[in-house]
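Q: Hi! Could you walk me through this structure in plain words?

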Amino acid sequence: MGSKGLRVVVGMLALCFAVLMAHAQEKIKVSGLITTRTGETIIVRTNERGVVTVVLDDDTKVQQPRGLIGIRKRSMSAAVLIPGLKVSVDGTSQDATHILAKSITFDRNDLQTAEMIQAGLTPTEEKVATNQQNIASNAQDIKASQKDIATNQQNIAANQQATAANQAAIDANAVETSKRFSALSEYDTKGQLDVRFASGSAKISTEDQAALKKLAEDAVKQTGYIIQVKGFADSSGNAAMNQKLSMERAQNVIAFLIQDCNVPVRHVIAPGAMGEAAPVASNETAAGRAENRRVEVKVLLNRGISGS
């Protein structure tokens, strides 16, 4: 073969290689629901391609559209990518089922829905408690003034209907919570720590800071780990204040893990604020209330990765 023929063959090979590379780097966009989360990947169920694995790296942008038409976008932490969140992924196709994400966008309302489910049912429980207080107040009015019995009975009936409606909402949320987070049953707990707090405080003690550092050191040795953080409060004070306090405690723990323990943001799930819900001890004693003022920290590893 002459030199001219050799150059033709080399040129054709180069062209084929370029076409293959272009195909490998094919741009792709999919939308769907996050079903599973690991540190480096999220599993998304889509209508277009079925179940796909979305790979995250340090260049992946997580954004929330702003304004009426969504041209402006707000940069967010990868911690918000929790199971149950609807997302739109722009990236490049690595193969038939894997996408390297360039950007991930989501709607604010969808995030609020996912966070409310993760945070528990405390807001709805507060409404039920309010309606129950109204019922008790109406009953006292009946005893105080016989002439207002008919009016108060109507108010009681209305409050009972509202209570029933809120109870139905609680039951519905419980079912939805089970559906949204059924994927968490696919995870093994590789580390767990309860961080305790003083009454009304969100400050992490020196002892618990040391324990969190040890937990983080063990976690980063795992492949594809995620860290779940949930904050709790005792029943002292009102429910709204305790809801806020439980969130502050969870956020402080996450900030310590990221800033002082060098845990990458994409390995942390957005915090859950549980308020007074799910006490581990009685709130009738000082010792029990101390047990309930806590943040639960769990290091989770998908069983598919751990080989369980």
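This is a predicted model: local features need pLDDT of at least 70, side-chain atom pairs count only at pLDDT 80 or more; totals for chains, interfaces and linings use all residues.

Q: Thanks! Which residues make up strand β1, and how many of them are buried?
A: Strand β1 covers residues 27–37, and eight of its eleven residues are buried. Buried means under 20% relative accessible area, exposed is over 50%, and partly exposed lies in between (1.4 Å probe, protein chains only). Strands here are DSSP runs of E with at least two residues, helices are runs of H or I with at least four, and both are numbered from the N terminus.

Q: Which way does β1 run against β6?
A: They run antiparallel, with seven bridges joining β1 to β6 (residues 86–93). Two strands pair if DSSP finds at least two bridges between them. Glycine 32, for example, stands opposite valine 87 in β6.

Q: And what about β1 and β2, how many bridges there?
A: Five bridges, again in the antiparallel sense, and β2 is residues 41–46. Threonine 36 has isoleucine 43 in β2 as its bridge partner. A hairpin through three residues joins β1 to β2.

Q: Back to β6: is serine 88 buried or exposed?
A: Serine 88 sits in strand β6, and it counts as buried because its relative accessibility is 12%. Leaving aside neighbours within four places in sequence, serine 88 is in contact with Lys29, Val30, Ser31, Ser103, Ile104 and Thr105. Contact means heavy atoms within 4.5 Å.

Q: New topic! What is the strand order in the open sheet of four strands?
A: The order is β8-β11-β9-β10, with mixed pairing. β8 (187–196) and β10 (272–273) stand at the edges with a single partner strand each, so one side of each has no neighbour in the sheet. β9 (residues 226–231) and β10 run parallel, joined by two bridges, and glycine 231 stands opposite alanine 273 in β10.

Q: Which strands of the sheet does α5 touch?
A: α5 packs on the sheet and touches β8 and β11 (294–302), and its direction makes about 165° with that of β8. α6 packs on the sheet too, touching β9, β10 and β11, with its direction at about 150° to that of β9. Axes are lines fitted to C-alpha atoms, for helices over the stretch in contact, and angles run from 0 to 180 degrees between N-to-C directions.

Q: At what angle do α5 and α6 pack?
A: About 55°, with the axes of α5 (residues 206–219) and α6 (residues 239–259) 10 Å apart. That makes α5 oblique to α6. Angles under 35 degrees count as roughly parallel, over 145 as roughly antiparallel, 65 to 115 as roughly perpendicular and the rest as oblique.

Q: Which residues make that contact?
A: From α5 there are Gln209, Leu212, Lys213 and Ala216, and from α6 there are Val253, Phe256 and Leu257.

Q: Last one: where is isoleucine 258, and what does it touch?
A: Isoleucine 258 is in helix α6, and it counts as partly exposed because its relative accessibility is 27%. Not counting residues up to four places away in sequence, isoleucine 258 touches Val263, Val265 and Val268. Isoleucine 258 and alanine 216 are 42 residues apart in sequence and 9.5 Å apart in space, C-alpha to C-alpha.

How values were computed. Residues are numbered from 1 along each chain as its sequence is written. Side-chain values use heavy atoms; hydrogens and water are left out.
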